[in-house]
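Here are a few notes from my pass through this one. Have the coordinates open while you read.

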Amino acid sequence: MNIPTDLKYTESHEWVRREEDGSLTVGITEYAQDALGDIVFVELPQVGKAFTAGDDAAVVESVKAASDIYAPVSGTVTAVNQPVADAPDSINQDAYGAWLFKLAPSDAGAYDKLLDADAYGKTTDH
């Protein structure tokens with residue numbers, strides 16, 4: 001399984017990338033999209049909505065199930081990836097390229113507390 005080392009992760013299978021401006025880009029991991037199967041619907045959060053770490057922020061639905069996507073850190077949504085909502089199967093094609101939303105974190109240090117690739121890999125070994 002592909003687990004890029006330049007990203008951070010959550011135990012609930014979100015990937016997080018820190019951008020140059022300090023914002024955080026969020027998507028679901030290859031493990032998550034593989035478990036879900038063919039993704040048919042994505043519900044994105046509203047720009048400007050504030051979340052606390054662990055809040056339900058988005059929904060990804062597949063032919064098998066619907067899965068909540070959680071805010072990896074506390075922050076405010078600054079952008080959403082509407083093309084992914086319009087073509088949900090793009091997540092199946094490239095889980096690490098098909099981001100869902102971007103957050104301006106409330107605490108810049110929260111990113112460093114997320115799982116690195118090695119630690120995340122251990123959560124998928126069951």
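1. Which residues is F101 in contact with, leaving aside its neighbours within four places in sequence? Bear in mind that this is a predicted model. With those neighbours set aside, F101 contacts L24, T25, V26, P45, A57, A58, I69, V77, A79 and V80.

2. F101 belongs to the largest nonpolar core, a set of 26 residues, and is listed with I28, I91 and L100 as having the most contacts inside that core. At least two core residues come from each of strand 3 (24–28), helix 1 (30–36), strand 4 (39–43), strand 6 and strand 9 (101–105). There is also a second, separate core: nine residues, among them I3, L7, W15 and Y120.

3. Now look at L100, which sits in the loop between helix 3 (90–93) and strand 9. L100 counts as buried because its relative accessible area is 0%, the cut-off being under 20%. Beyond four places in sequence, L100 touches V26, G27, I28, V42, L44, V60, I69, V80, N81, V84 and I91. From L100 to D89, eleven residues away along the chain, the C-alpha separation is 13 Å.

4. K64 is worth a stop too: an unreviewed UniProt entry lists K64 for "modified residue: N6-lipoyllysine". In the model, K64 lies in the loop between strand 6 (56–62) and strand 7 (66–70). K64 counts as exposed because its relative accessibility is 59%, and the threshold is over 50%.

5. What does K64 touch, not counting residues up to four places away in sequence? The list is D34, A35, L36 and G37. For A35, the backbone oxygen is 3.3 Å from a polar atom of the K64 side chain.

How values were computed
Residues are numbered from 1 along each chain as its sequence is written. This is a predicted model: local features need pLDDT of at least 70, side-chain atom pairs count only at pLDDT 80 or more; totals for chains, interfaces and linings use all residues. Side-chain values use heavy atoms; hydrogens and water are left out. UniProt positions are given in the numbering used here, feature names are shortened, and annotations may be inferred rather than shown by experiment. Helices (H or I, at least four residues) and strands (E, at least two) are DSSP runs, numbered from the N terminus. Buried means under 20% relative accessible area, exposed over 50%, partly exposed in between (1.4 Å probe, protein chains only). Contact means heavy atoms within 4.5 Å. A polar contact is a pair of N or O atoms within 3.5 Å; within protein, one must be able to donate a hydrogen and the other to accept it, and residues adjacent in sequence count only if both atoms are side-chain atoms. A nonpolar core is a set of buried Ala, Val, Leu, Ile, Met, Phe, Trp, Tyr and Cys residues joined through side-chain atoms within 4.5 Å.
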